Structure formats: C-alpha cells, structure tokens
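Here are some notes for a colleague who is looking at this structure for the first time. Please read them with the structure open.

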Amino acid sequence: MTVPVFDPATLPADGNVNPYTFCVELQGSQWFLQKGKMIAYYGQIEFNGIGHGALERLVRTSFHSPLHAGDWVVAQGSGKMLLADRAFDVNSFDLDDGNLTIRAGNLLAYQPSLALKQSIVPGFLTLIGTGKFVAASNGPVVFMEPPMRVDPQALVGWADCPSPCHHYDHGYVRRAGGTPWSSGVESLGAGGLRAMTGIGGASGEEHQFEFVGAGTVLLQSSETLMPEQATGAVPHEPGVPGGGAGHGGTGGQGPLGSGMPRMPGQLGDLQRRFGL
Amino acid sequence: MFRLQGSKVLAVEMTGDSVHAKNGSMVAYDGEMAFKKLSGGGEGLRGMVTRRLTGEQMTLMEVKGRGTCWFADRASEINLVSLRGDKLHVESSNLLATDAGLRTGTTFTGLRGASQGNGLFTTTVEGHGQAALISDGPAVVLRVTPQYPLSVDPGAYVAHQGELRQSLQSGVTFRTFFGEGGGEAFQMRFEGDGLVYVQPSERNTVAGDV
C-alpha cells in the first residue's frame, strides 16, 4: 500500500484530497475563509482580514455579518491551499441561485459570488446566490426531506425550506408550564426552566427542531456538537429573535464564555486573532 | 515488517528482531515478546544529557521477539514512512514506532519549534527502515520541489523528510493587533526537495497565545 504524494500538479482543483482535507485552487481569484482553517498552501496567497481597506467592494457585496467579521479573512492570489478542520469530514457544496443556512462553526470557506448573511436563527449563517462553499461536519453529511424533527446537535443546516421551530415533547411542556397537573416544585425545576428557555444548553431527546415545507435538511451522523466560537448576540431591538444577552450561540461558548459579539478592533482573545 | 491493519492499528511482524515504540502503545501481541523501557533523545550518556537539556523527551520501549505485535494510540491515524538513508524530522508526540535499526536523535529547530508549542527541539529519525507516525486525521503528504515551495500552518505540521530548509514566515502586521489580521499569523515555509506531512487538524500552539 503506497500513500499518495501530492504536489501542485496532482492536487485536485476545488476538490477533496481525502475526506478530511479540501483543496481550493486560486487563480487570481478570492475566497472567504474562516480563520485558522488553512493548513498548507503552494504559491502566492495573501490572507487579509475583512476590515482590510482594499477589500471594501468585495465585502460590500458578499459579507453581511458584522458579528463574524473578526472570524473571517479573504484569501487571494494564485496557488492551491488545503483546508481542514479538527479532522472532521469536509465537503464542498454548490448553490445555484439558491439559499442555504448552516451552523456558523461548520462553514469553512465560500466563493465571493455567494453572499453571507446572519440567519434569523441565532448561531446560523445563510448563504445566498450561486457558487461553491466548503463545510465541515462530524461524520458524513446526511440529506433529509421535511417534514421531520431533528436532534439539535445533529443539525448542520437546511436549504430552501422555512427556518425550523422548536418542538418540545409533552412531558417537558407539562413540567415547565406550571399547569394544574404538575406540583409546584416541579414547575420551578431547573430542568423545566432550561427546557423552556434553552439557557444552559440542556437538550435531551425531549427537544427537537421541527422542519416543515419543501427543501432539504442537512444532518451530521454524530451528536457530538462541534465546539463553536461565540457568535455574539444580535442587537437589542424589538422584533429581533434572541436579542437578549446570553442567547448568543445555539451551542458552545467562546473562549471567554461570553455572548458578546466579536468586533474587529476588540482587544483580548488573542488566540483567535492569530488564527492558530 | 510494518503493516497497517485498518488505518489506526499498526501490526509489526517480528522474527527475533526489535522495534522501538511509544511507551504503552502496544495493544496486543501473539508469539513471544519482551518489552524494555528506553528513552528518546539519542542513546548513551550524550543522549541522556540531551534529553535533560532539550525537554524533547520521548518514553520509548524496545519490543523484541517472534510473532506479531499490534500498536495503537488513542485511535489516531497511523502513517507509514520508509526511510532510505534520509532523515525524518518529526514531533516526538507524533512518532509511534520505528525499526530498531533507525537512529533517533534530537535537533535544535529554533523559533519554528517554539511556535508549535513543542519546545525548541524536534526528534530526528535516520537510516534505513520504516517508521510509523500518528496524526489527528490521515496525514496528507505534500512534495516540495525547488520551484514549488510550501507554506504550512504550524498547528497542522506533523513531519518532514528530505533536503528541506525551513523558515518561519510571519504575517503579523499592525493589523493583527487590531484584530484585523489575516488569521494566519505564522507559517512554516519549506524550500528544497522533500516531503512534508500535514494533518487535517490544528493543535493549539504557543504562537496562538502570543
């Protein structure tokens, strides 16, 4: 058994090297890239933060998430670069005049022909347009069609269908709601409160995301949630879901454990800044 | 004779010869085997002094016998490397096993090593024979030629072999300190002729905390 040796000529152009490594070819073109996901590159490639002045026009058309501006960079130049993320499965997907919403931590890179926006669901990002993007998942991605309910931890994203709603099983609703059947102690129980508010991240199998309508739901074949960066809180505004503090991500906490948005120019959190 | 059984278990057939392997990495054997503790950083008194000074400690064991011995380490992917007189540089934490005929030693790597969080020294393996490397996810082997130098993220670097010069390349600018850097502040640049092994995952590095 011989292990293949790759060089710039034999690396695929915009394809998988193995299930865990993706190769992007740049020919004077640009890609948006999440910080720290590049593992190696051949050629002349430059990495610039979103706030870099020369990228003004590109950012105006393709990047619309101030909360994530500190986490993304633009790679430009010519050569081939390898992307990978914690040895998770990596795949590229094509959108053709479409839309897809994905967990913020799972999106590794996308072509600027797509526009990135924050989903109305906190912790998720929506890509709109035509182009290619690269996403990571813990285990291969499985495609399903609504109507269906999915475990929150297995959800990677969804395309074309309406955003999901929370579904709580009857037992949970009864315990949390302080209904006539439940005792007073139970109705104040932390489990019930957590289940109702989502605070504390408790989600057993009593809680699912429910999808209806026509579209595709993307699931990962694992319930291990990828450690995510704090995605920050959306502004305090009437009518903005999750506008309260502390509701930042749907999953993990950032290194500082805060729900504060990460703005360019903010001090602290140096590790993230260096992309290592 | 090294052989992969699946991608996460190394099987070594032995007929009276011996291999060096990471301490505690044996998962099974058949036949007759004897296990003896060794230490990395080179043999003898000089090796011992080197180990003390460099901190590049590797607790190795020598396995000798007849039969088959299986090795594995925390379900990490295993990559086989054949050496034909050339030198392999590898992080000691990424080295699983080598033919006993291969010489292991310690070299100074300078800033590059520091940026990886593994100290200023790295392990070298030299001679003729096989070595087994472990990585987080299967390693990708990239060829470096004079016309195609390669830049690697220090957190994804596993090993390299051949005639390669390496240097630390910094993308740190004033923007980095304002949170608008390129996100890839340090890279290892390889020039010359040889192979570089990278893993599809980035371990945390000291440079990441700088």
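Which strands each supply at least two residues of the lining of the second largest pocket?

1. The model is predicted. In this model, the lining of the second largest pocket draws on both chains: strand 1 (5–6) and strand 2 (15–18) of chain A, and strand 1, strand 5 (77–90), strand 9 (140–144) and strand 12 (186–198) of chain B, each supply at least two residues. Strand 5 of chain B gives the most, with 8 residues.

2. The volume of this second largest pocket is about 670 Å³. Its lining has 28 residues, and the closest to the pocket centre are Thr2(A), Val3(A), Pro4(A), Leu80(B) and Val141(B). By type, the lining residues are 17 nonpolar, 8 polar and 3 charged.

3. Strand 1 of chain B, one of the strands that supply the lining, also belongs to a hairpin with strand 2 of chain B. There are 3 residues between the two strands, and Gly6(B) in the turn has a positive phi of about 70°. Strand 1 (residues 2–5) and strand 2 (residues 9–22) of chain B run antiparallel and are joined by 4 bridges. Within this pairing, Phe2(B) stands opposite Val12(B) of strand 2.

4. Chain A has an open sheet of 3 strands in the order 12-15-14, with antiparallel pairing. Strand 12 (148–150) and strand 14 (165–168) each have a single partner strand and stand at the edges, so one side of each has no neighbour in the sheet. On average, neighbouring strands of this sheet are turned by 40° against each other, direction ignored. As background, strands of a sheet pair through backbone hydrogen bonds, either parallel or antiparallel.

5. Within that sheet, strand 14 of chain A is joined by 4 bridges to strand 15 (residues 207–211) of chain A, and the two run antiparallel. One of the residues involved is Cys165(A), whose bridge partner in strand 15 is Glu210(A).

Definitions and conventions. Residues numbered from 1 in each chain as written. Chains lettered and ligands numbered in written order. Predicted model: local features only at pLDDT ≥ 70, side-chain atom pairs only at ≥ 80, totals over all residues. Heavy atoms only, no water. Pairing = 2+ DSSP bridges. Axes fitted to C-alpha atoms, helices over the stretch in contact; angles between N-to-C directions. 1 Å grid on protein atoms, 1.4 Å probe; cavity = no way out; pocket = protein on both sides within 12 Å on 5 of 7 lines; lining within 4 Å. Points joined across faces, edges and corners; volume = space filled by probe spheres on them. Nonpolar A, V, L, I, M, F, W, Y, C, P; charged D, E, K, R; others polar.
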